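This report goes through a single protein chain, from confidence to local backbone features, strands, helices and core. The sequence and structure come first.

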Amino acid sequence: MTRPPFDPFTPADIDLVSAQLGRPARNVVGIAARCVCGAPTVVATAPRLADGTPFPTLYYLCHPAATAAISSLEATQVMNEYNDLLAADDNVRSAYERAHASFLFDRDQLGSVPEIAGISSGGMPSRVKCLHALAAHSLAAGPGVNPIGDLALERATWSPTVCVCLDYFAEASAGESRSAPA
Ligand SMILES: [Zn+2]
């Protein structure tokens, strides 16, 4: 797990993320988390893209197995459960608000983008809207920062400590692709 300033990354990292995503990875500023094998699990993107577009989603889950596991989780009623938890538990809500502030602090290290000031990711600070974004934040920041991301990772069938990486380049050349994220 890494937060800004990110460690240097290599062209091979970018190639791997691109193969994972099935599209060219652009505006990458760091690899925020990795599998035990070293493959990226979370890619960090600049808060303003090269074409000028503001981009709030600093931490993006790029690992296909992780993405699939979180998608399976989202397909259950777990987001309703987490929204209920936020509504009912003052401690969780406070921690989630701190996670929001922590996320914004990280992103601000990479430059101020007024259009997205105060806007973080995944529904923070008051709702749970995307477990992929929240899990990505937890993987980047480490346990104890994002309570909902932590819960999602605990329940997911994928773990960053158990490598299930495929040969992404073979997959890509076989013409396989997955839906591109927004
Ligand atoms: Zn791996």
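## Confidence and conventions

Two residues are in contact if their C-beta atoms, placed from the backbone, lie within 7 Å. For the protein chain the mean pLDDT is 93, with 93% of the residues at 70 or more.

The model is predicted, with local features needing pLDDT of at least 70 and side-chain atom pairs counting only at pLDDT 80 or more, while totals for chains, interfaces and linings use all residues. Residue numbers run from 1 along each chain as its sequence is written.

Helices (H or I, at least four residues) and strands (E, at least two) are DSSP runs, numbered from the N terminus. A residue is buried if 20 or more other C-beta atoms lie within 10 Å of its own, exposed if 12 or fewer, and partly exposed in between, with C-beta atoms placed from the backbone.

## Backbone features

Most residues other than glycine have a negative phi, and most peptide bonds are trans.

| Peptide bond | Omega |
|---|---|
| Pro4 to Pro5, cis | near -5 degrees |
| Met124 to Pro125, cis | near 10 degrees |

Pro5 lies in the segment before helix 1 (11–21), and Pro125 is in the loop between helix 4 (90–108) and helix 5. Asn27, in the loop between helix 1 and strand 1 (28–34), has a positive phi near 60 degrees although it is not a glycine. Asn27 counts as partly exposed because it has 15 C-beta neighbours inside 10 Å.

## Strands 1 and 2

Strand 1 pairs with strand 2 (residues 40–45) in the antiparallel sense over five bridges; pairing requires that DSSP find at least two bridges between two strands. Ile31 stands opposite Val43 in strand 2. The two strands form a hairpin with five residues between them, and Gly38 in the turn has a positive phi of about 105 degrees.

## Helix 4

The expected span of a helix is 1.5 Å times one less than its number of residues. For the 19 residues of helix 4 this gives 27 Å, which agrees with the 27 Å between its end C-alpha atoms.

Tyr96, Ala99, His100, Phe103, Leu104, Asp106 and Arg107 are buried in helix 4. They lie on the same side of helix 4, because they cover an arc of only 160 degrees around the axis, taken from the directions from the helix axis to the C-beta atoms. Asp90, Asn91, Ser94 and Phe105 are exposed on the other side. The cover over the buried residues of helix 4 includes helix 3 (78–88), helix 5 and helix 6 (147–155).

A nonpolar core is a set of buried Ala, Val, Leu, Ile, Met, Phe, Trp, Tyr and Cys residues joined through C-beta atoms within 7 Å. The largest one has 44 residues, and Val42, Tyr59, Ala135, Ala136 and Ala152 have the most contacts inside it. Helix 5 (residues 131–141) gives the most to this core, with eight residues. Beyond four places in sequence, the contacts of Val42 include Ala32, Tyr59, Leu61, Ala136 and Leu139.

Thr67 is in helix 2 (residues 64–74) and counts as buried because it has 21 C-beta neighbours inside 10 Å. Apart from neighbours within four places in sequence, Thr67 is in contact with Leu61 and His132. Thr67 and Tyr96 are 29 residues apart in sequence and 22 Å apart in space, C-alpha to C-alpha.

Note on methods. pLDDT = per-residue confidence, 0-100.
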